[in-house]
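Trainee: I've got a structure open here and I'd like to talk through how its pieces pack. Can you walk me through it?

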Amino acid sequence: MTTFTILSLPDITDVVWADPDLVSAGPVWASAGPDFAIVFGTPENLSNVCVDMRHNIGLPMPGRSVVPSKKNVNIGPVDFPCFETTGGKSVIGPTVTLFSLDEATLVLGGKKLFANLSLGLTEGDRIGLIGPNGSGKTSMLRLLAGQLKLDGGRLDRQRNLRIGYLPQEIVLTGGRSLLQFVRETVPGRSELEARIEQLERQAGNLSEGEAGAAGDSTGESAESLSLAISSELVDLHGRLDHLEAEYGDHMAMRILAGLGFSPDERDRDLGELSGGWCMRALLGALLFMRPDLLLMDEPTNHLDMSSVGWLSGFLKNYGRAFILISHDREFLNEQVNRIWSFEPEGVRAYTGNYDKYLHARAEERVLLSNRAKNLQREREKAQEFINRFRAQANKARAVQSRIKALDKMEEVHVHDDHDVARFTFPPTSRTAKEVLRVEGLSKSYGSHSVLRNINLSATGGEKIGVIGVNGAGKTTLLKILAGELERDSGKLSFGAHVNAGYYAQHHTDILDPELTVLQSVTQIAGESSSNVRTLLGSLLFRGDDVKKRVAVLSGGERARVALARLFLSPHNLLLMDEPTNHLDLASSERLADALTTFDGTLVFVSHNRAFTRRLATRIWNVADGDISTYPGSLDEYLASAQSDLDNNNSVTNATRTSHKHRNDKAQRRVQAQERQAKAREENQLRQRQALERENQHRALLRRLRPLRERVEKLDADIAAMESEQKVRSDLLGDAGFFCTVEGDQVLADYTQAQERLERLRDRRRVSVRELEAATTSSGEVSG
């Protein structure tokens, strides 16, 4: 069967065969105008087509190196990504599937994580994997990384697919430097270097005349063997030069610097790094190796805010597929173009970022709810008629018709919501206006001074966000305030009636791994009371869950135990170090909701920008042993810091070379103009994006309006006919009227009308399905 597809490609001005010899093997192409082309051919041939938008149209040419770009072109029912060749030409070709799950089932610890799941991932996909703690997100990544096997179905991977996996917890052995560890991830480099070393050793032996016997035994002279070795060495050095150009040490150092490593740490042994810095080293190595598929499980957990910003920028320009688990809503929205969600009804796939997923999910819920209500009304009316006339012989035909219609009615299952932990902080007692004061505080680790002569204060009701790069001293400050760490000098005082509670970043610091969940929490309560079990139930520890030992809990479960210990005592000062680490996205947002209504004082460290933006009313920035304070939100602080930096740069330039004052002034004017131009461009971009969203919304409304009007008209017609049928039914219920000539006519009218009513209901069901499909498609829902 021959099919055709219309391509809207403005860049096509003429058609030239890529290779005349391939015409017979591929589809037939025909130009139909300056801005589109019609493609004729079989579906099998069409699936192998590449289109050169600038020069020619035809099949892919051998030897052409192709890598994905960011553009996509929709051709008929299939999405064809726009490719960019090494020569800079744009080419359209079919998507490449990296892996696919077919009717897959995975069971772990007796729990079925998913069943009969079919999903696929192609080049250019940027997947956000979401769901509550314990739903199976990490297990999905481990499956794709080859660490788990399916219990049913198939997992097919592209041949020679290179996968990089960043787990939540790792242990790296020492004996290698940081830079060496990163360089070793380059595919094939170690083998090339080993082969070059082997050949150079052989060449050295030949030059000393030690390989003559070997040459005679193989029938080769030492000279020919030397030529062969030299030829291979030239080829291997060329390949190594290519790797060095693509994977140079300068690129490795740029990545490591972005993740917070200083240049003098390049030769530091991995064994000297803490767990968090080991995670950064592995992440840097994976970003450097650029695998075909990158799997990242909470990559921001051990990053500070500046490193999160750098990683966000890096991934935006990352041209390969990845799957990302993150509790940072803003980070997800910036990075992903698809969502895979573990829902109560199974794993679902949605197109778009996290906010689009929420919108699509809400629309689905409303549509299913309305559909279920309408069907329930139809069932009730049918059952009412059946119950009323079941015993009347003269209504047997109509009753049987209703019973058949009732049996044919479909079941609609409304989406269940995930069971999300409920965080509630108890009301706190009043304190003095000044909750805490720090004077001249200093802290050093050996010769390294972390905090020097710090002076701080906090008043009641403030929510203070502590920011700064890793190692600056944020956690050290919180530990000192919580009494978990001794200060070297200075004074720390709390106001009257202050009761401080501390949430540690590493829960093993405060939780005994040998205690059960219940025991760990009742340590704080003093006794095993019903309110403890009620609290644990609200945090999703139910039944035998409270008997689990802390040692076997997941990171998210340990985080909830630590939070439960805080909730049992009415702390009016909370000190929280990375409270959203290990929590799923929904739980992180619920925690932010609870802290928003917390009536005490909060001092918290977080790399989660959305979390900090929502809560912080004051910023403490820890840098170079000092802490600067800013009375405002995170965005206000960042804007103020940038303004101060611009002003300082301007003053420094002016005072450094006064004889160039005019040039400096002109340069500052140019810089100001550039900033204004950039601001205008950003404003115009926001306006274009807003206009685009508005146009998309209007297009959606235009598309859905006739379908909605059709459903509404059918609803009105059905309601009117049901009213008429009710009148006829009441008349027929009168035995005296039923036996008259008029009764026979009414019965005939009732039967005919009932058939028309069933047809209207059938049409309505079809129309509702069309409306739902159109809404789902417009909301970019798939799967």
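Mentor: Strands here are DSSP runs of E of at least two residues, helices are runs of H or I of at least four, both numbered from the N terminus, and two strands pair if DSSP finds at least two bridges between them. Keep in mind that this is a predicted model, where local features need pLDDT of at least 70 and side-chain atom pairs pLDDT 80 or more, while totals for chains, interfaces and linings use all residues. Residues are numbered from 1 along each chain as its sequence is written, and side-chain values use heavy atoms, without hydrogens and water.

Trainee: Which residue in β12 is the bridge partner of S100?

Mentor: Look across to β12 for this one. The bridge partner of S100 there is D156.

Trainee: In what order do the three strands of the open sheet come?

Mentor: The pairing is antiparallel. The edge strands, each pairing on one side only, are β10 (111-122) and β12 (152-157).

Trainee: At about what angle to β9 does helix α2 run?

Mentor: Helix α2 (residues 137-144) lies across β9, β10 and β12. Angles are taken between N-to-C directions from 0 to 180 degrees, with axes fitted to C-alpha atoms, for helices over the stretch in contact. For α2 against β9, the angle is about 125 degrees.

Trainee: Are α7 and α9 roughly parallel or oblique to each other?

Mentor: The axes of α7 (residues 249-258) and α9 (residues 305-316) come within 9 Å and cross at roughly 135 degrees. Under 35 degrees counts as roughly parallel, over 145 as roughly antiparallel, 65 to 115 as roughly perpendicular, and the rest as oblique. So α7 and α9 are oblique.

Trainee: And which residues of α9 make the contact with α8?

Mentor: Helix α8 (residues 275-289) packs on α9 at about 15 degrees, with the axes 13 Å apart, which makes the two roughly parallel. Contact means heavy atoms within 4.5 Å. From α8 come R280, L283 and L287, and from α9 come S307, W310, L311, F314 and L315.

Trainee: Last one: is R371 buried or exposed?

Mentor: R371 sits in helix α11 (residues 354-389). Leaving aside neighbours within four places in sequence, R371 is in contact with E410, V412, V768, R769 and E772. Buried means under 20% relative accessible area, exposed over 50%, and partly exposed in between, using a 1.4 Å probe and protein chains only. R371 has 15% relative accessibility, so R371 counts as buried.
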